[in-house]
Amino acid sequence: MKKAYFNWSTGKDSALAFYKILQNKDYNIGSLLTTVNKKFQRVSMHGVPISLLDQQAKELGLPLYKIEFPEEVSMEKYNEIMKVGIDKLVQEGYNYSVFGDIFLEDLKKFRDDKLAEQNLEGVYPLWKIDTSEIIKEFLSLGFKAITVSVNANLLDKSFVGRVIDKQFIKDLPEGVDVCGENGEFHTFVFDGPIFKKPINFEVGDKVLKTYPAEESDTWDNSFWYCDLLPK
């Protein structure tokens, strides 16, 4: 079997990709990998508390390997920290890295180029599957997820801290991907067939955060966050 680690984001695409790779007997998933913000002790991008990330890993029954980043990091420093962290996995005999990406070509190329530098190969169980089919399968399998971050330029406050269901999908504005693959929203998965038991949490405050953006910056910089509190 091919020894692989899984890039776990805490969200729905990651959860479905994990479910699918478990069905593929060619791969042996030996560890989860998650990047975290060292200062705030939260999952990068999603903002989920590390305590809830740890609960997910426990219910998935796999060891969790965390790569810590400072509050602000340049791309050069990001690549440096990632290389050092992944080198440790390579030394443990891992040859494959599994992701939940769906259709972002540039992101996949970036990942594959970086992996190749360390003689690793990327695996993408959801690649090029229509996102409307992905979300249907996600829900039909019994997965449950809540939005923890939404792009405030595309979605208003009512979309954050909301459980993903058929009505949520129906309410999304035109042009917003139903899986949020373009970064429209991020989620936290708290139940589903991959977990031994559901993750317990409480919904906390909803906060709008706007980050400084340079004129050349093409990234959206305003997001609604919903804090999740361990129970």
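**Close-up views of a predicted model**

View 1. Just after α5, G142 adopts a positive phi of about 95°. The model shown here and in every other view is predicted. Helix α5 covers residues 131-140, and T131, I134, I135 and F138 are buried within α5. Looking down the axis of α5, these buried residues fall within an arc of 95°, so they line one face of the helix. An α-helix has 3.6 residues a turn, so residues three or four places apart point the same way. The face of α5 turned away from the buried side carries K136 and S140, both exposed. What covers the buried residues of α5? Among the covering elements are helices α1 (12-23) and α6 (166-171), together with strands β7 (144-151) and β8 (185-191).

View 2. The side chains of K20 and E137 meet in a salt bridge, with 3.1 Å from N to O. K20 belongs to helix α1 and E137 to helix α5, so this pair links distant parts of the chain, 117 residues apart. Are the two partners buried, exposed or partly exposed? K20 is partly exposed, with a relative accessible area of 23%. E137 also counts as partly exposed, at 24% relative accessibility. Across the whole structure, a search finds 15 salt bridges.

**View 3. Two salt bridges within single helices.** In helix α3 (residues 75-91), K83 and D87 are four residues apart, which means about one helical turn separates them. Their side chains meet in a salt bridge of 3.2 Å, N to O. K83 is partly exposed at 41% relative accessibility. D87 is partly exposed too, with a relative accessible area of 24%. Helix α4 (residues 105-116) holds K108 and D112, four residues apart and so separated by about one helical turn. The side chains of K108 and D112 form a salt bridge of 3.0 Å, N to O. D112 counts as partly exposed, with 24% relative accessibility.

**View 4. The four-stranded sheet.** In which order do the four strands of the open sheet run? The order is β8-β7-β10-β9, and the pairing is antiparallel. β8 and β9 (201-210) are the edge strands, each pairing on one side only. On average, neighbouring strands of this sheet are turned by 25° against each other, direction ignored. Strands of a sheet pair through backbone hydrogen bonds, either parallel or antiparallel. Six bridges join β7 to β8, and these two strands run antiparallel. Within this pairing, I146 stands opposite F188 in β8. β7 also pairs with β10 (residues 222-230), in the antiparallel sense and over three bridges. Here N151 stands opposite F223 in β10.

View 5. Helix α2 (residues 50-60) lies across β8, β9 and β10. Relative to β10, α2 runs at about 65°.

**View 6. The nonpolar cores.** Which residues touch the most other members of the largest nonpolar core? They are F6, W8, F18 and F188, out of 52 residues in that core. Leaving aside its neighbours within four places in sequence, W8 has contacts that include S14, A15, F18, L32, L33 and T34. L53, Q56, L60, I194 and F195 are also among the contacts of W8. A second, separate core has 15 residues, including L33, I81, F99 and L115.

View 7. Most residues other than glycine have a negative phi, and most peptide bonds are trans. N119 has a phi near 60°, a positive value in a residue that is not glycine. Where does N119 sit? Its place is the loop between α4 and β6 (121-123). N119 counts as exposed, at 68% relative accessibility. K128 has a positive phi of about 65°, although K128 is not a glycine. K128 lies in the loop between β6 and α5.

Notes
Residues are numbered from 1 along each chain as its sequence is written. This is a predicted model: local features need pLDDT of at least 70, side-chain atom pairs count only at pLDDT 80 or more; totals for chains, interfaces and linings use all residues. Side-chain values use heavy atoms; hydrogens and water are left out. Buried means under 20% relative accessible area, exposed over 50%, partly exposed in between (1.4 Å probe, protein chains only). The arc is that of the directions from the helix axis to the C-beta atoms. Contact means heavy atoms within 4.5 Å. Two strands pair if DSSP finds at least two bridges between them. Axes are lines fitted to C-alpha atoms, for helices over the stretch in contact, and angles run from 0 to 180 degrees between N-to-C directions. A nonpolar core is a set of buried Ala, Val, Leu, Ile, Met, Phe, Trp, Tyr and Cys residues joined through side-chain atoms within 4.5 Å. A salt bridge is a side-chain nitrogen of Lys or Arg within 4 Å of a carboxyl oxygen of Asp or Glu.
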